[in-house]
Amino acid sequence: MRLSLVSIPVKDSIEAHEIYTSKLGFITKEFNPEHHLAIVVSTEEPLGVSFLLEPCEGSFAENYQASAYKANLPIMVFSTHNVKAELKRLQGLGVKLRPDLNNPEWGLINMFEDGCGNILMLEEKSN
C-alpha cells in the first residue's frame, strides 16, 4: 500500500488552486471550479501523491485548520533540495515566510503560510 491522495483544508479551493499552482509550483491534476474541486501534484512527481485542496468552511476541518494555525503548527511538510533558494523564490512571489531558518540535526527547515489558512513546512532533502 502507498499514499495516493491527501486532503489539505483551505478556505477557498479556487483561490487555493491559483496559489498552489502559480506560487507554490504545483501543477493541476484535476480542476472543476463549479464543484469546488481542485487537485494538484508536484511537478517533480506528477504521478506521485495528489493534494486535494479541500474547502473546510463549516466543517470539522475548519476548527482543525484554525487550531493548527493558532498553535503555529505546520499542516503539511514539503521537501526541496535547497531551502534557501526555494524560500527566496517564494518570498519573491509574495508568500509570507515564518521564523528564520533553523538547522536541526535532521536538516534545514523553515515554515511559510500558503495564504489559504495553513502553515506549511519546508525541509531540505539531498535526494
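Student: What pattern does the chain follow along the sequence?
Tutor: Reading along the sequence gives β-α-β-β-β-α-β-α-β-β. Helices and strands here are DSSP runs, numbered from the N terminus (helices are H or I with at least four residues, strands are E with at least two).

Student: How many helices and strands are in the chain?
Tutor: The chain has three helices and seven strands. Keep in mind that this is a predicted model: local features need pLDDT of at least 70, side-chain atom pairs count only at pLDDT 80 or more, and totals for chains, interfaces and linings use all residues. Residues are numbered from 1 along each chain as its sequence is written, and side-chain values use heavy atoms, with hydrogens and water left out.

Student: OK. What does the chain span along its principal axes?
Tutor: The C-alpha trace spans about 40 × 35 × 35 Å. The radius of gyration is 14 Å, which agrees with the value near 14 Å for a compact globule of 127 residues. That radius is taken over C-alpha atoms, and the globule rule is 2.2 Å times the number of residues to the power 0.38.

Student: And what share of the residues count as buried?
Tutor: Of the 127 residues, 39% count as buried. Buried means under 20% relative accessible area, exposed means over 50%, and partly exposed is in between (1.4 Å probe, protein chains only). The areas come from the Shrake-Rupley method with a 1.4 Å probe, and for residues only the protein chains shown count as cover.

Student: New topic. How many salt bridges does the count come to?
Tutor: Three salt bridges. The rule asks for a side-chain nitrogen of Lys or Arg within 4 Å of a carboxyl oxygen of Asp or Glu.

Student: Which residue forms a salt bridge with Glu-86?
Tutor: Arg-89 does, and the closest N and O atoms are 2.7 Å apart. Both residues lie in helix H3 (residues 83-92). They are three residues apart, about one turn of the helix.

Student: Is Glu-86 buried or exposed?
Tutor: Glu-86 is buried, at 18% relative accessible area.

Student: Which side chain does Lys-96 meet in a salt bridge?
Tutor: Lys-96 meets Glu-113, at 3.5 Å from N to O. Glu-113 lies in strand S6 (residues 109-113) and Lys-96 in the loop between H3 and S6, so this pair ties together parts 17 residues apart in sequence.

Student: And where does Arg-98 come in?
Tutor: The side chain of Arg-98 also meets Glu-113 in a salt bridge, at 2.8 Å from N to O. Arg-98 lies in the loop between H3 and S6 and Glu-113 in strand S6, so the pair ties together parts 15 residues apart in sequence.

Student: Why does Glu-113 count as buried?
Tutor: Because its relative accessibility is 11%, and buried means under 20%. Arg-98 is partly exposed, at 21%.

Student: Now the surface. Which residues gather in a patch of negative charge?
Tutor: Asp-12, Glu-15, Glu-57 and Glu-62. Patch residues have over 30% relative accessible area and no salt bridge; like charges are joined within 9 Å, and nonpolar side chains (Val, Leu, Ile, Met, Phe, Trp, Tyr) within 5 Å. Lys and Arg count as positive and Asp and Glu as negative, while His and the chain ends are not counted. The place of a charge is NZ of Lys, CZ of Arg, CG of Asp or CD of Glu.

Student: Where does Glu-15 lie?
Tutor: In helix H1 (residues 13-22). Glu-15 is partly exposed, at 43%.

Student: Last one. Is Glu-44 buried or exposed?
Tutor: Glu-44 is exposed, at 61% relative accessibility. Glu-44 is found in the loop between strand S3 (37-42) and strand S4 (50-55). Ile-39, in strand S3, is buried at 11%.
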